[in-house]
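Visitor: I have a structure on my screen and would like to learn how to read it. Where do we start?

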Amino acid sequence: MMETKKISKVDLIFEHIDPREVLTKAHTMTPKEIIDEILESGLKGRGGAGFPTGMKWELCSEEKAETKYIVCNADEGEPGTFKDREILDRVAYKVYSGMTIAGKAVGSKKGIIYLRGEYKFLLPQLRMELDGFHKMIEEIGFDFEIDFRLGSGAYICGEESALFESIEGKRGEPRNKPPYPTSKGLFGKPTVVNNVETLVNSVIILKYGSEKYKLLGTRFSTGAKVFSVSGDTPIPGIYELELGMSLLEFVNEFGDGDTKAVQVGGAAGFCVPRKLFASTVIGFEGVPTGGSMKLFNSSRSMYNVLHNYLEFFTEESCGQCTPCRVGCQQLLKGVESVKKGESKSTYLNELSKLADTMKIAAKCGLGQSVGNAFNSIVENFREEIIY
Amino acid sequence: MYQTDNLVKDLVEIHGCGRENLLPILQGIVEKHNYLSDDAMVEVARELDISAAEVYGTASFYSFLDTEPRGKYVIRVCKTITCSMKGKQEVIEALEDILKIKVGETTSSGLFTLLETNCMGWCHKAPAMLINDTPYIELTREKIVEIIKDYMHK
């Protein structure tokens, strides 16, 4: 049995702090001291993939290069995720602070925030706050500058290497890896790319220390996480919760009493049916999530849910690699034909194999994760797909 | 085309003529002209010294960089799962009623274009839509009528 935590709300991300205090402290620390503190905290990326942040910073710091970049991934496009918008709206200075700290840690003077086009309305306010921030860090003694770049409505640009391509003025098509961004990222330079919430966490860790930070969450999922809760819930919204709770605890808090499934991690995540609520841990040791939690009650057709996700992926696939481009289309056509009775229900098994193939053969995270939602919905709600 | 030439030149002046400035330049054109005309893309290619195919290839990748004429106000209704569960269809129907167009069309006045889009990050306040850059949330038929009326009189 995995360790689970009681559900517990915390208030660290949106808590107002004096950024000058943390940044002054960071300014007196050596890059190695900063990286060690982040490594010690066990912080993992909050965008969904969960790569250890300290390791990312360490790898980038070891690169010898004149120019390095800190890129903030604010291309929050995963269906059901809206926490980064809220963070930027309410505490943007903590995001800027995190980027400045990362800059000091890896030896970078240039930060870029890639903001999705859908959030362009935030830009005037963000720019104004950034002006004040630049003045403050200059006074402290940092040599670091942040700039904004806007997306234009492409989900795939949330994939780190597609995001670089987009900043470079190209189609947002993911690159082959390796090389990884920490050695060859934006404009071919060593780059740290972190999610909005990850950067704020680095500020929290420097403020309170890694020892205190680790008291939150579990051994494998330290800290808290901002969850975007939507769907069939009486209280949709944004909640900061300790990692490591069971999905049952979560549903007891947010469900409407009739929850039959929760999609954890957005369209690219997993669908967990009621019978698995108690045994599912929300965290890196269980089901990881970028924060998207969508609840479905028994009035919902899981066929419609799956169909909606597949339409989403079919439209958002960049089309570069065949497993994803053709795979998404065939999965969509396939479930439609089973639903209409044009194909036998056993055809679903073939489609599941296709989804597995995409997991192995697709070039990037988009194509590789279509199978998560597909297989977990087909496996647990097979009769709803067929009839 | 005098106007387009000038706009492109101004944008190149602001952002610079490097390839990495292609997106901000294209975004700037869409902001002013609502879409990227062939002439505009050719002009950008000339200014940045890249092929027109490169410009079109990049533009056509991004759903917000329209390469066909759009109205002054582009309405994008979210169609992803939560909005779809919370009444996206009624939103579309209300807009189609009021504007007398279907999804994908532009009003004859050239004022409104009605489109659908994927998740725009307002699932907790669904259903939602964007009009140009402004989000509108927790939509009802009544709200939509008011919003569109406001835009008609702008």
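Guide: With the domains of chain A. The model is predicted. The assignment for chain A gives domain 1 (19–208) and domain 2 (302–386).

Visitor: How far apart do the C-alpha centres of these two domains of chain A lie?

Guide: The C-alpha centres of domain 1 and domain 2 of chain A are 33 Å apart. The two domains do touch: each side of the contact gives 8 residues, 8 from domain 1 of chain A and 8 from domain 2 of chain A.

Visitor: What classes of residue make up the domain 1 side of chain A?

Guide: Where domain 1 of chain A touches domain 2 of chain A, there are 5 nonpolar, 1 polar and 2 charged residues.

Visitor: Now a helix pair. At what angle do H4 and H5 of chain A cross?

Guide: Look at helix H4 (residues 83–106) and helix H5 (residues 123–140) of chain A. Their axes cross at roughly 35° and come within 10 Å. The crossing of H4(A) and H5(A) is right-handed.

Visitor: Which residues make that contact?

Guide: H4(A) brings A:Leu88, A:Ala92, A:Tyr93, A:Tyr96 and A:Thr100. H5(A) answers with A:Leu126, A:Glu129, A:Leu130, A:Phe133 and A:Ile137. Sorted by class, the contact of H4(A) with H5(A) holds 8 nonpolar, 1 polar and 1 charged residues.

Visitor: On to the chain contact. How many residues does each chain give?

Guide: Chain A gives 37 residues and chain B gives 30 residues. On the side of chain A, the elements with two or more residues are helix H6 (160–167), strand S5 (224–231) and helix H10 (302–316). H10(A) supplies the largest share, 6 residues.

Visitor: How does the side of chain A that touches chain B divide by class?

Guide: That side of chain A has 12 nonpolar, 14 polar and 11 charged residues.

Visitor: Let us turn to chain B. What pattern does chain B follow along the sequence?

Guide: Chain B reads α-α-α-α-β-α-α-β-β-β-α. That comes to 7 helices and 4 strands. The C-alpha atoms of chain B fill a box of roughly 50 × 30 × 25 Å along the principal axes. Of its 154 residues, 42% count as buried.

Visitor: Which domains does chain B have?

Guide: Chain B is split into domain 1 (2–59) and domain 2 (73–152). Their C-alpha centres lie 28 Å apart.

Visitor: And the strands? How should I read a sheet?

Guide: Start with the general idea. Strands of a sheet pair through backbone hydrogen bonds, either parallel or antiparallel. In chain B, 4 strands form an open sheet in the order S2-S1-S3-S4, with mixed pairing.

Visitor: Why is one side of S2 and of S4 in chain B left without a neighbour in the sheet?

Guide: Strand S2 (112–117) and strand S4 (134–136) of chain B stand at the edges. Each has a single partner strand, so one side of each has no neighbour in the sheet. Neighbouring strands of this sheet are turned by 25° against each other on average, direction ignored.

Visitor: How many bridges join S1 to S2 in chain B?

Guide: Strand S1 (residues 73–78) and S2(B) are joined by 6 bridges and run parallel. To find one of the bridge pairs, take B:Val77: its partner in S2(B) is B:Glu116.

Visitor: Which strands does helix H6 of chain B touch?

Guide: Helix H6 (residues 88–99) of chain B packs on the sheet and touches S1, S2 and strand S3 (129–131) of chain B. The direction of H6(B) makes about 155° with that of S1(B).

Note on methods: Residues numbered from 1 in each chain as written. Chains lettered and ligands numbered in written order. Predicted model: local features only at pLDDT ≥ 70, side-chain atom pairs only at ≥ 80, totals over all residues. Pairing = 2+ DSSP bridges. Axes fitted to C-alpha atoms, helices over the stretch in contact; angles between N-to-C directions. Contact = placed C-beta atoms within 7 Å. Domains from an automatic or database assignment. Left-handed = near helix turned anticlockwise from the far one by under 90°. Nonpolar A, V, L, I, M, F, W, Y, C, P; charged D, E, K, R; others polar. Buried ≥ 20, exposed ≤ 12 C-beta atoms within 10 Å, placed from the backbone.
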